[in-house]
Every structure is written in C-alpha cells, then in structure tokens.
Amino acid sequence: MSSSTVITNIGTLVTNDPSLGDNSPLGLVRDAAVVIDGDRIAWTGESSKAPATDNRVDAGGRAVLPGFVDSHSHLLFAGDRTEEFNARMSGRPYSAGGIRTTVAATRAASDEELEAGLTRYLAEALRQGTTTFETKSGYGLTTADESRALRIAARHTDEVTYLGAHVVAPELADDPAAYVALVTGEMLDACAPHARWVDVFCEKGAFDGDQARAILTAGKAKGLHPRIHANQLSYGPGVQLAVELDAASADHCTHLTDADVDALAHSDTVATLLPGAEFSTRAAWPDARRLIDAGVTVALSTDCNPGSSFTSSVPFCIALAVRDMGMTPDEAVWSATAGGAAALRRDDVGRVAPGAYADLTLLDAPSHVHLAYRPGVPLVDGVWRRGVRVV
C-alpha cells in the first residue's frame, strides 16, 4: 500500500501551472505545501491548508520545483576526449577523429562498461535535480552496436532515441548513400523495438536535408517520432524539416532565419537549446530572447556528451542561459522543466500539479532564482523521483 507525504513550509513552490499560483507561467505559490500519494502529486496549495498525511517533511522555507527534464543527452559511450577539449581551449590545432574517436572506444567497450557509464552519469544528473532524461544511441554506427546501446538505455528510461544517423560510419565514409540505406533499413529494423524517437544530425559534414528527410520518414513508418539536430553549426534545412515532419523538437537552433523562427512559432515543435555545447566549443550562443519573443516554445537541456558538452548539470545550463542567451531566471527554469516535458510531449512531468508524477527538487535556497544567482553552487538539497526521496 502506498503512503502519503506532505512537504510543508515551502518558501516558494514552482508548479508550472498558472491556475495553481500567481497566474505567471511558473505558477508560483508562497508558503506552500505539496502532498505526494504513491508516485503522484495529490495536492498543492498553501501550507496552512494542507490535508493530513502519513508522513511530513518540513522544507524549512526553502524552494521546491519540478524535477528537471533533460530532453537531449548522449550517454551511451566509452572513453572521453580530454585531449581534444584541452587543445581547443588552449588554442592548439587538434586533428583526432572527433565523434569517430568515441565510436571506436564505444565499439570496443563491453555491454557492462557501457551500462556502468550510463548509470554513473544518470546518478550524477539525479544529484543535480534531473528526474526525467532522454538519451540517444549514435556512437556505435553498426547495427549491432546501435541496437545494444538502445537495449541498455531502455533499461533506465522510456525516452530512448535512435540516432544511427549521427555521422556516416567510418567504413562507409566514401559511400554515404549506402550508410543511409543501412540506417533506414537493417539498422532501423533492429533498433526500432527499443526506441521511442528517431533523430538525425542534419548539418554539413553529417546528413543533408534530403537524407535527413528519408531517415526521419523511415523512422516514422516504424512508429518512431522524429526529433532533429538542427541549425547548430550553420544555416540549413533542419528547422524547416522539423516543422514539416512535426518533430517534437529541433535541437540547437543556433543559426536561424526569420522564416525558421516563424515556422517554429506556428508549430508544435519545441526549440531545444543546449548552452553547454556553446560553452565547451566557444561557439555563438543561441538567441533565446528572439525565440521566446516570437512565441516559440523553448526547452533547455544539457546535451551531455564526451565531445562538445560534457556536463550533466541542468542548473549550470540554466545559469548559462540567463547570463548569455537572454533568458530571465523564470524563463530558464520553465524551459528546463515544463519546456523539456514539451520537447518529450509529456504532460506527466515538468510540473507540480495533481496527477503529475511526484518528481521534485528541493533547493537549499528560498527561491528558484538562486539557480542563476548562485552559479556553480550545489544548491540541490533533496530530490524525489516518482514519490520516493532519492537524494
């Protein structure tokens, strides 16, 4: 039998439900309480009106918000690329293989080694308040290696993405058409049973618009819903393709035309921004202010991967978004919770409202604004996932 718990004496509660709070997008409730029953939220409101429960937790005036929803990560890999990062940050040329370096290490790793790495990064993210995460394949690039990555991922999350189309496999570098045929044929057949999503890196040096359309369309025919790496390094067709195919999200969105922004604003496709990548590569920052002002739904995510964004910290990404991408603290927190849920087309996470999963983050601070106000400080003091306190 499930037991009920009330978290009371919450200084500021972020619900992401304007009907429950101050009519802002964050739905802020002051001097609040939350009742957990089993794995769901049963009640929210003012502390003085909280119903009786089996257990009681005193938040001591600290802030509570939804667990972060990290809707873009690459956690199935082996090795790291320290030398590459060090060279880039030191201004030295470096000619190693980038993604292909990780591909070689991943192919050589055992299932146990890949799963140990995945669980390590998930535990790291959980300690920082992430309770829902998506992760991708993409570092195997063979049928066997892509499918085993997805099988491992599916043991830890429902949000699994097939990214056989990360780059062209090295052994088919001179025949990209043959690799696209593999990704849309035998590899897709093996991977689709273990995934919810299909993704493609639509960029110069990876896959062009026609190839990306073929890959995403083949995935849809197998029951996978599209998402896409779009417009990260240059202007290109990725965002328009995302809208055309009703992709759940177009991720990166750094180089956008006015037509791209308008297309996103008039679609259900979320623009997922990944500031860890810009931080780690010294690239131009996405213009979140432009997107939000146009009415685009924006998500914030880590893009945790060994090459361009080796961080699992959503709070770090919130601070970057506020400092360098034109977001307010409220907008950044919303994008890292409700925005991430929208990018996964979920309404049972990313909010603190009756019926949603009891995924909560307790901060050692009176307000969610401290996530940007005190960057780099380990403010997460408690985490509940599906109603169970795990941190």
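These notebook entries record what I looked up in one predicted structure.

**Ground rules**

I am working with a predicted model, so local features need pLDDT of at least 70 and side-chain atom pairs count only at pLDDT 80 or more, while totals for chains, interfaces and linings use all residues. Residues are numbered from 1 along each chain as its sequence is written, and side-chain values use heavy atoms, with hydrogens and water left out.

**Entry 1: the largest pocket**

I began with pockets. On a 1 Å grid over the protein atoms alone, a pocket is an open set of points where a 1.4 Å probe fits, with protein on both sides within 12 Å along at least five of seven lines. A cavity is a set of points where the probe fits but cannot get out. Lining residues have an atom within 4 Å of a point. A volume is the space filled by probe spheres set on the points, which are joined across faces, edges and corners.

The largest pocket has a volume of about 550 Å³. I found 31 residues in its lining. Ile99, Phe201, Gln232, Leu233 and Ser308 lie nearest the centre of this pocket. Helix 1 (82-90), helix 2 (99-108) and helix 10 (275-281) each give two or more residues to the lining. Helix 10 gives the most, with 3 residues. Helices here are DSSP runs of H or I with at least four residues, strands are runs of E with at least two, and both are numbered from the N terminus.

Next I sorted the lining by class. Ala, Val, Leu, Ile, Met, Phe, Trp, Tyr, Cys and Pro count as nonpolar; Asp, Glu, Lys and Arg as charged; the others, Gly among them, as polar. The largest pocket has 9 nonpolar, 15 polar and 7 charged residues in its lining.

**Entry 2: the second largest pocket**

This pocket has a volume of about 230 Å³. It is lined by 14 residues, and Gln128, Ser313, Pro315, Val377 and Pro378 are the closest to its centre. Helix 12 (314-324) and helix 14 (370-373) each supply at least two lining residues. I sorted this lining into 8 nonpolar, 4 polar and 2 charged residues.

**Entry 3: cysteines**

I looked for disulfides, meaning pairs of cysteine sulfur atoms within 2.5 Å. The count is 0. For Cys253, the nearest cysteine sulfur is that of Cys202, 12 Å away. Cys304 has its closest cysteine sulfur in Cys317, and at 9.2 Å that is too far for a bond.

I also checked burial. Buried means under 20% relative accessible area, exposed over 50%, and partly exposed in between, with a 1.4 Å probe and protein chains only. Cys253 is buried at 1%. Cys304 is buried at 2%.

**Entry 4: three arginines**

Arg56 lies in strand 4 (residues 55-58). Arg56 is exposed, at 64% relative accessibility. Leaving out residues up to four places away in sequence, I found that Arg56 touches Val6 and Thr8; contact means heavy atoms within 4.5 Å. Ile7 is 49 residues from Arg56 along the chain, yet their C-alpha atoms are separated by 6.0 Å.

Arg345 is not a glycine, but it has a positive phi of about 50 degrees. I located Arg345 in the loop between helix 13 (329-343) and strand 15 (360-363). Arg345 is partly exposed, at 31%.

Arg386 also has a positive phi of about 50 degrees, and it is not a glycine. Arg386 sits in the loop between strand 16 (380-385) and strand 17 (388-389). At 29% relative accessibility, I noted Arg386 as partly exposed.
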